[in-house]
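Here is a short tour of one model, written for reading beside the sequence and the 3D view. Please keep both open as you go.

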Amino acid sequence: MMKDRTVTHYDALETRSTDERAADQLAALNRQLALHGLDPLSDLSELARLPVLRKSELSARQKANPPFGGLPVSNVAHVFQSPGPIYEPGGIGHDWWRMGRFLHAAGIGADDIVQNCFGYHLTPAGMIFENGCRAVGATVVPAGTGQTDLQVRAAADIGSTAYAGTPDYLKVILDRAEEMGERLRITKAAVGGGALFPSLRQHYADRGITCLQCYATADLGNIAYESPAMEGMIVDEGVIVEIVRPGTGDPVPEGEVGEVVVTTLNPDYPLIRFATGDLSAVLPGQSPCGRTNMRIKGWMGRADQTTKIKGMFVRPEQVADLCARHPEIRRARIIATREGEMDQMTVQIETESGDPARYESSVTAILKLRGRVEIVPPGSLPNDGKVIDDQRRYE
């Protein structure tokens, strides 16, 4: 385990005392509540009395009052669309999504050229990381996703020193670079959008690349991030994180696994107690790197069946849409697995039709991912209520 022995922090917020942080957050939270027309709180513990806002509710609000559901949104520079669909605003202010804090912890700064392989099309990930790179002074190659040969060519010609993207796509680039006889200069990787498996992190380390991960969403921006100490994930200074019992808004005892609920302290898009659907737990103690904020254990699965595959969320509603498009499908089930260091998706379909190709275009159109289609006999899928089965292992 690597210890962060020569720490330079992003700002003084990272080393505040618990009391200082609580007082500052309470003041910021009360300003947020005023934007919603809500009464101020006298203590952060009172936040648990407020209702939880879930994605399904936000989506319904947006349909009734597009595009942002009547929330007090301001200073909008971009509008993004995520699966659902759900629309998110984006700003261009300094470190608007708070990703600079993570990039700084990953050692990325003004001397770096970052190959940004997050998508720029409709979803905000590409802009989230570009905004963070601007905050730390790094140069950005807006590479986006796919076109691996061109990615290798650009990284080699421009001299990219850092990678930003999903955990497994960097391996695709590196492997292709070897095949093309190119030696890349990438030594740092800031990843998100999927699980960073220990074997893959070690694979990068063996190639001289330090890889750290963050936990971020399109709605909330950066929530928590790793430092070089690599002991859990440190909660970002611009959010309040609660771990609650799934299906409720009640905080669980420290160390117990529950759903991550986040309140952002961003006056441009003030989300109060937004439920992520992700599971995690508070990690006791303080990071050896000297950052004093609460730590969580990282992503520990989903509170519902929604699953992230290849960096994209797949939702039960999408499985229902697939069945509705083809009435002869009796039931369908998505299985997420790993082959090597890559996510794989298999779509099992109960139908009397024996031709998988008949459904491939619908799977791609509805799920926004390519996957293997497998026809199974009617009545053969387990009667357990699952439509998404994540068989990947995270330990």
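## The second largest cavity

The lining of the second largest cavity holds one nonpolar, two polar and four charged residues. In this count Ala, Val, Leu, Ile, Met, Phe, Trp, Tyr, Cys and Pro are nonpolar, Asp, Glu, Lys and Arg are charged, and the others, Gly among them, are polar. The lining residues are Lys55, Thr217, Asp219, Thr276, Asp278, Arg302 and Phe313, and the space amounts to about 30 Å³.

A cavity here is a set of points on a 1 Å grid over the protein atoms alone where a 1.4 Å probe fits but cannot get out, and lining residues have an atom within 4 Å of a point. Points are joined across faces, edges and corners, and the volume is the space filled by probe spheres set on them. This is a predicted model, in which local features need pLDDT of at least 70 and side-chain atom pairs count only at pLDDT 80 or more, while totals for chains, interfaces and linings use all residues. Residues are numbered from 1 along each chain as its sequence is written, and side-chain values use heavy atoms, with hydrogens and water left out.

## The largest cavity

Two cavities of 30 Å³ or more are counted, and the largest has a volume of about 50 Å³. Around the largest cavity you will find Trp96, Trp97, Arg98, Asp219, Leu220, Gly221, Thr264, Asn266 and Tyr269. By class, this lining has four nonpolar, three polar and two charged residues.

Strands pair if DSSP finds at least two bridges between them; helices (H or I, at least four residues) and strands (E, at least two) are DSSP runs, numbered from the N terminus.

Strand β3 (residues 113–116) runs parallel to β4, joined by three bridges, with Val114 opposite Val140.

## Right-handed crossovers

Further along, β5 (residues 162–165) and β6 (residues 188–191) run parallel with four bridges, and Tyr163 faces Ala189 across the pair. Together with helix α6 (residues 169–180), β5 and β6 make a right-handed β-α-β unit. Right-handed means that, with the strands pointing away from the viewer, the path from the first strand over the helix to the second runs clockwise.

Four bridges also join β6 to the parallel strand β7 (residues 210–217), where Cys211 stands opposite Ala189. The chain passes from β6 through helix α7 (residues 198–206) to β7 in another right-handed β-α-β crossover.

Key. 1 Å grid on protein atoms, 1.4 Å probe; cavity = no way out; pocket = protein on both sides within 12 Å on 5 of 7 lines; lining within 4 Å.
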